[in-house]
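Dear colleague,

Please find below the structure I promised to hand over, followed by an account of what was found in it. I would be grateful if you could read the notes alongside the coordinates.

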Amino acid sequence: MPPKRIAVIPGDGIGREVIPQAVNAICATGAEVQIAEFDWSAERYLRDGTTVPPEGFATLQHFDAVLVGALGDPRVPSNIHAKEILLGMRFRMDLYANVRPVKLLDEFLCPLKNTRPADVNFTVIRENTEGLYVDVGGTFKQGTADEIAINEDVNTRKGVERVIRYAFEYARRHGRRRVLMADKSNVLTHAHGLWQRVFKEVAGEYSDIAASHMYVDALCLQMVREPAQLEVIVTNNMFGDIVTDLAAALQGGLGMAASGNIHPGRTSMFEPVHGSAPPLAGKNLANPIGAILTAAMLLEHIGFPDEAASIESAVSEAVRRRKITADAGGALGTAEAGAGICKMIEAG
Ligand code: NAD
Ligand code: IPM
Ligand code: MN
């Protein structure tokens, strides 16, 4: 078999520090891959005005997967490059399922009292191509006292159905027994009424999986009060963004959280949940574990399940031995924590 090809976009800020550690972890597994790095970033945009070069998305389709760090830089206050690169990939490559596993690796990482790893082990499936993110809307009379500002919440039958179906299929594939849909259909009766109807319909096809519903505000309460009841959550783009930062806190912080942006059968993109963390950037402080676990998700997706598992067990060992960065309770720098994990991968 020819080696699998991975496109790597470190991006901005701490993305440029954690992604090299994730790439080292991939190499340490011995997986047969070829890496090609792309410089899409604030730096490039400020240098020559390019966000995504011509044919950029078409080029990515020739790869088996894409690994991204983070995008966002205070020198680009409009955030235009991040929108065009990150949201560009999600929309143009139609990566409709944003899979964000939430797994507590050790009790000491959780800010909740008496909460064990078995209590925090669920996955959020976030719709990734529609909702409030589509940038449909506009402003009128901007800068006046009568200003109007509108962002439309766009939900399509096709978009809602495919992500809900993905959540049920994900549950089946991962031996999960429950899928919960979170919305705000008590207020957003049109848009989230569609989610309600489609969820009931699709749930009817999966009699082996229990389907339930919570309003998203109640879900936030339950995520903190009794996370053990959660297995697979499916929700819209905006709510998925918010609840996965809350979920990251349950795992030990944003530095621990991994994600995949998936379109089954097509080139998919993998990125840690965190952003570019400008105050940490360039200081060897960022936690590389979210990026390293993201690399494991990527490897599993492109056909290297054993290599993915070896990364996951090395990360668990690093956590157990506190060979981690300060945000998670250790004393190592980004590079040292990453190198330690690579050694544990190599040691098997
Ligand atoms: P952020 O995720 O960068 O940081 C939020 C908090 O988490 C900060 O306290 C930060 O120090 C901490 N944190 C994040 N990652 C960490 C890590 N690996 N190790 C240790 N601590 C970590 O979010 P923000 O501050 O709201 O946004 C900063 C920039 O990143 C903005 O431009 C934003 O738009 C962008 N952003 C990008 C992505 C992405 O590319 N996927 C995601 C979120 C935010
Ligand atoms: C995330 C981020 C992005 C989002 C931003 C940077 C556009 O917060 O991936 O969670 O809102 O989706
Ligand atoms: Mn987010």
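**The shell around ligand 1**

By class, the shell around ligand 1 holds 10 nonpolar, 7 polar and 2 charged residues, where Ala, Val, Leu, Ile, Met, Phe, Trp, Tyr, Cys and Pro count as nonpolar, Asp, Glu, Lys and Arg as charged, and the others, Gly among them, as polar. This is a predicted model, in which local features need pLDDT of at least 70 and side-chain atom pairs count only at pLDDT 80 or more, while totals for chains, interfaces and linings use all residues. Residues are numbered from 1 along each chain as its sequence is written, chains are lettered from A and ligands numbered from 1 in the order in which they are written, and side-chain values use heavy atoms, with hydrogens and water left out.

In total 19 residues surround ligand 1, the closest being Leu71, Glu271, Gly275, Ala277 and Asn287; a residue belongs to such a shell if one of its heavy atoms lies within 4 Å of the molecule. Among the polar contacts (pairs of N or O atoms within 3.5 Å), a polar side-chain atom of Glu271 is 3.0 Å from a nitrogen atom of ligand 1, and a backbone N or O atom of Asn287 lies 2.9 Å from a nitrogen atom of ligand 1. A polar backbone atom of Ser276, in turn, lies 3.1 Å from an oxygen atom of the ligand. Of the 800 Å² of accessible area that ligand 1 has on its own, the protein covers 64%, as computed by the Shrake-Rupley method with a 1.4 Å probe.

**Ligand 2**

Around ligand 2 stand Leu86, Arg90, Arg100, Arg126, Tyr133 and Asp241. An N or O atom in the side chain of Arg90 is 2.7 Å from an oxygen atom of ligand 2, a side-chain N or O atom of Arg126 is also 2.7 Å from an oxygen atom of the ligand, and for Tyr133 the corresponding distance is 2.5 Å. Taken alone, ligand 2 exposes 320 Å², of which the protein buries 73%.

**The sheet**

An open sheet of 10 strands, with mixed pairing, has the order β2-β1-β3-β12-β11-β4-β5-β10-β8-β9; strands are DSSP runs of E with at least two residues, numbered from the N terminus, and two of them pair if DSSP finds at least two bridges between them. Strands β2 (33-37) and β9 (210-215) stand at the edges with a single partner each, so one side of each is left without a neighbour in the sheet.

With kind regards

Key:
A polar contact is a pair of N or O atoms within 3.5 Å; within protein, one must be able to donate a hydrogen and the other to accept it, and residues adjacent in sequence count only if both atoms are side-chain atoms. Helices (H or I, at least four residues) and strands (E, at least two) are DSSP runs, numbered from the N terminus.
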